[in-house]
Amino acid sequence: MPISDATYTDDIEKLFTLRDSLAEGRIFLSSWFNVETPCNWSGITCSGPTVQAIDLSYTPLNVRIPSCLGEFGHLRLLNFSGCGLSGHMPETFGDLQNLQSLDLSKNHLSGGLPSSLANLKMLRELVLDTNSFSGVLSTVVGHLKGLTKLSISGNSFSGSIPPDIGSLQNLEYLDLSMNFFSGPLPNNMENLRRLLHLDVSRNELSGSIFPGIGSLENMITIDLSSNSFTGALPSTIGKLTSLESLWLGLNGFTGSLPEEIGNMKMLKVFSVHSCKLTGIVPEEISNLRNLTDLDISENNFEGELPQAIGNLVNLMYLVAADSGLSGSIPAQLGNCKNLKILDLSFNFFSGPLPGSLAGLDAVSTFIVEGNHLEGPIPTWISNWKMVNSIRLGKNLFNGSLPPLNLPYLTSFSADANQLSGEIPPKICDAKSLSSLSLSENKLTGSIEKTFKECCNLTDLVLVGNNLYGEIPGYLGELPLVTLELSQNNFSGMVPDQLWRSPTILELSLSNNQLSGHIPSGISDILERLQLDNNFFEGTIPKSIGYLCNLTNLSLHGNKLSGEIPPELFSCTNMVALDLSSNNLTGSIPGAISQLKLLDNLVLSNNQLSGHIPREICAGFQQVAYPDSEFTQHYGMLDLSYNSLTGQIPAAIKNCAVLKELRLQGNMLNGSIPPELADLTNLTFIDLSFNSLSGPILGPVLAQLSPLRNLQGLLLSNNQFDDLIPSELSLMLPSLVKLNLSSNRLTGSIPKSIFDIKTLTDIDISQNSLSGPIPFAGSIARGTSSLLIFNASNNNFNGTILESLSNLTSLAVLDLHNNSLIGSLPSSLSELDYLTYLDLSDNDFLGDIPCGICGIIGLSFVNFSGNKLYRYSEDCASVNSCLAHHILSSPVVPYPPSPTLTESSVWGITLGAAMGLVALLFVFLRWRAMRQKSLDHVSADKANSAVIEPASSDELLGRKLKEPLSINVATFEHALLRLTLSDILRATENFSKARIVGDGRPPTGEEEMEGGGNLVGWVRWMAGQGKEAEVLDPCLSAGCLWREQMVQVLAVARACTADEPWKRPSMLEVVKMLKEVKMKEAGDTVTRDVSDLQKSGIILPSCFNSMIALGDEVNLSSQIPTKFSF
């Protein structure tokens, strides 16, 4: 029908109106403002007198969407994609009744879809991707029956997918991805028989895949990834024989892969990564001969990767990381000649790498780290001329490194294996090599020339090997960005070239034998410097303040002296600073206020004095990122074991991100500031070994649950003289460890303290507490986590209630030196995990519960100083403890023995070694404590004949920087009241009577052999792998004996580690010694006990079982006093 002039005029006028609304973009619409004929304007298509199409896509108009667009009634195509339009879609769009394609994608449109869109009966394509549309997807789309393409991805639509979509039977392309849709997929989507592409990824959809998915037989692409779908994959999925791409990853699918998956012969891409699939990988997957991409990573499969995987000859990408697979890597993978990326990392593969992989000429990335692969790294990897990344770490590979003559290799890692020998200089034949990580192996030799030709090397990580010699200067001339040489045996001075390197950002040289001074000329681009545990001496140079990019500085464990230079705090990007375990003096400079990004400060174990500056919390306001090394340790303020005085400043409240506060071992006084309540992120507080007084957290606990995250509270060895707050359980609901020992506390124990279900360790010993002990409170049996309870040396009275048995996890119970009365509860024998029990010096009377003899792990029992009987008739009747086997009289000595059997020699030798380890452990702890100034110890206490551990930490030797969830005590006891003179005398007598030979002098010049003293020499020999040479060859002993003694020496070496945090706890020592002795304990102890009984000595029956566990250490000529009455 001919168009009238009026219509023509109307269309022309509408274009002029549209031009006016787009005037702000006139610079990009020059023809619209320079050409008089509108149909010749760019983006305008006319058919006769009518406008048929407007396409201004990717023209940066940046205006509100014009409502006049709805006036072009003959328009068939409207495309304003990528034009920067904003506002809501106008209702006038419903007047475009001839419109067939509408594309408004990549704009800033918002709001919902106008209901008038239901009038667009001719619409075939609706594309609204990448806008800000929101709300529920209108059912209006269900009226657009002619739609073949609906794409609304990248918006903020929410709610359920409307079932009306299932009525769009002409739909071929449906993309609802990257929205917030929830709920299941509508079942009627099975009606979309013409659908070719379905993408609902990255939503919040749930439920199972609709059962009729198999009816969509024309499907080419399905993407359901990144949702919350659950249930099993339907077997009907195998009917999608035209499917080429199937993405199902990042969901909660369970069950196994259906065998029917092998029917999808056209499949090229298949991804089910990060689901919860189980079972085996079906053989039928090998039928997918067109497959190029296969990702089954991060699932819970079992069994082997099918050998038939080798049939996938078109495979280019195989990713099966962390999928639970085991067995050998199938040799048939060598048939997949097109493989470019092969990732089998973090599985349970074992055995060597199959030689057939040598033929993978196209491989560019090869990752098998985190398995149990073994054998040498094969030399045939040099066949992979196209490879650029090889990752073999965390396996069991051994032998030496092979040549790496690979022209495109940029990254090679083989860390945490068993590689040995020297690093071959030919490693630099890989001319493109930029990253090399060989940490945690057994590599030896020097690196004097090894990396000299690695001209492109930017990252070199050799941590944890046995490399030695001096660090070569040429490393500073390479383009290195990261250099990590920690935990080796490098010695000498750090070369000037390294200090002045123009490229190194991260330099880690800790745990070596480096010496000298830290120079003043350090490159100012350095970001991370770690020199811990070396022999650097002298002062910290003032010029370090010029390192404006420095974020992490760790000088822990050196011999640095002098004061902390204020210039250091000019490094305003500092995030973590550790100067601990040196000989630093003076005060903490107030200039620390300049470190606004600081969130980790460790100055412990120095000789710092003065007050804690109020500026200490100028940092600790936020967590600084990136901070890869200290991310998990942020929020640490450790000033412990110095000579700081004065009060804890109220400004401590400004440390907003503080998680651990460690001020123990100083001379602080005053009360705990109430401002501590503002630190709601605190998880650990240690203020022990100071002179603090007043109430325990009284003002802090007055607020409503201020420290809900607090897990550790250690306040021992102070002068607190208040009651234990009754509201402690309400205010500290997450508490794990509580130590209030060695104070002046009075009153009773709040009953509710046992209601803290997370509490594992309570030490309230050496106070003036009184009243009954309300064991278990109202807690139900089996719900308590309590492992250790020490209430010794108080004034508690009353009886022990049967409710004690509710504490089923209890391992240590120490109530000695109180005024407890009554009989021992029979429930005591129900504490199956008990290892230490001391009830001595009370007023108990009656029978000892015979069930105690049945607690297998019990290693220490003391009932002395009570009025307890030997046994009860009931015990004898069930033969739990035989009559006359529990001693009530003083312990009698062993009778003289004319000869020593071989087993007796073993018993004495190993027992003596165990004793030496225990005594050495105690002496080292005593020496560490002796170095601290503890003003609160009175003169009469200092001269007391009784030495008792002041706290769990003193006895166990904590790793102070571990997270509290790991750093929780699991063993503690009172060390049998040894005096210092007893320890030294026993050690001296032991060395005279038990050590064969003259030993070594206490001092010497043999620095290469541990400095000349006995302990140093043995440790040095053990470090060289020469433990067996320490033993006297004149001793006639079997191989088993020597093997066991070598293991005992390993325990001793661990106990005498230079760094206290590396030393094992007492529980770990006992466990290690038990494991050693168990090798022969059964036979040895049976014969020794038999010899004793033949001599007329009567032993408790439970004593027999316990000594067989290796729990006794005998350093005298008497029967062990483990069981005292």
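This section describes the strand pairing, aromatic contacts and salt bridges of a predicted model.

In this predicted model, local features require pLDDT of at least 70 and side-chain atom pairs count only at pLDDT 80 or more, whereas totals for chains, interfaces and linings use all residues. Residues are numbered from 1 along each chain as its sequence is written, and side-chain values use heavy atoms, with hydrogens and water left out.

An unreviewed UniProt entry lists residues 10–47 as "domain: Leucine-rich repeat-containing N-terminal plant-type"; UniProt positions follow the numbering used here, feature names are shortened, and annotations may be inferred rather than shown by experiment. This stretch is 45% helix and 11% strand, and its end C-alpha atoms are 14 Å apart. Helices (H or I, at least four residues) and strands (E, at least two) are DSSP runs numbered from the N terminus. Phe-16, Trp-32 and Trp-41 form one aromatic cluster. The charged end of Arg-26 sits over the ring of Phe-33, 4.3 Å from the ring centre; the criterion is that NZ of Lys or CZ of Arg is within 6 Å of the ring centre and within 35 degrees of the ring normal. A further contact of this kind places the charged end of Lys-149 over the ring of Tyr-173, 5.0 Å from its centre.

An open sheet of eight strands, with parallel pairing, has the order E4-E6-E8-E10-E12-E14-E16-E18. Two strands pair if DSSP finds at least two bridges between them. Strand E4 (86–88) and strand E18 (252–254) are the edge strands, each pairing on one side only. From one strand to the next the twist averages 15°, where axes are lines fitted to C-alpha atoms, for helices over the stretch in contact, and angles run from 0 to 180 degrees between N-to-C directions. Within this order, strand E8 (residues 132–136) pairs with strand E10 (residues 156–159) in the parallel sense over three bridges, and Val-136 stands opposite Ser-158 in E10. E10 in turn pairs with strand E12 (residues 180–183), again in the parallel sense, over two bridges. Phe-181 in E12 is the bridge partner of Gly-159, and Phe-180 is that of Ser-158.

The structure holds nine aromatic pairs, defined for rings of Phe, Tyr and Trp (its six-membered ring) with centres within 6.5 Å; planes under 30 degrees apart count as stacked, over 60 as edge-to-face and the rest as tilted. The rings of Phe-157 and Phe-181 are stacked because their centres are 6.3 Å apart and their planes stand at 10°. This pair links distant parts of the chain, with Phe-157 in strand E10 and Phe-181 in strand E12, 24 residues apart. Phe-157 and Phe-181 are buried, a term for under 20% relative accessible area, with exposed meaning over 50% and partly exposed in between (1.4 Å probe, protein chains only). Phe-366 and Trp-384 form a tilted pair, at 4.8 Å centre to centre and 55° between the planes. Phe-366 lies in strand E25 (residues 365–367) and Trp-384 in the loop between strand E26 (372–376) and strand E27 (389–391), so the pair ties together parts that are 18 residues apart in sequence. Both Phe-366 and Trp-384 are buried.

Six strands form an open sheet with parallel pairing, in the order E34-E36-E38-E40-E42-E44. Strand E34 (468–470) and strand E44 (583–585) at the edges each have a single partner strand, so one side of each is left without a neighbour in the sheet. Strand E38 (residues 513–517) pairs with E40 over three bridges in the parallel sense, and Gly-516 has Phe-536 as its bridge partner in E40. E40 is joined to E42 in parallel by two bridges, with Gly-538 opposite Leu-560.

Four salt bridges are counted, each requiring a side-chain nitrogen of Lys or Arg within 4 Å of a carboxyl oxygen of Asp or Glu. One of them joins Glu-506 and Arg-528 (3.8 Å, N to O), linking strand E37 (residues 506–508) to strand E39 (residues 528–530) across 22 residues. Glu-506 is partly exposed, with a relative accessible area of 24%, while Arg-528 counts as buried at 8%. In another, the closest N and O atoms of Arg-662 and Glu-660 are 2.9 Å apart; Arg-662 is buried, with a relative accessible area of 1%, and Glu-660 is buried at 11%.
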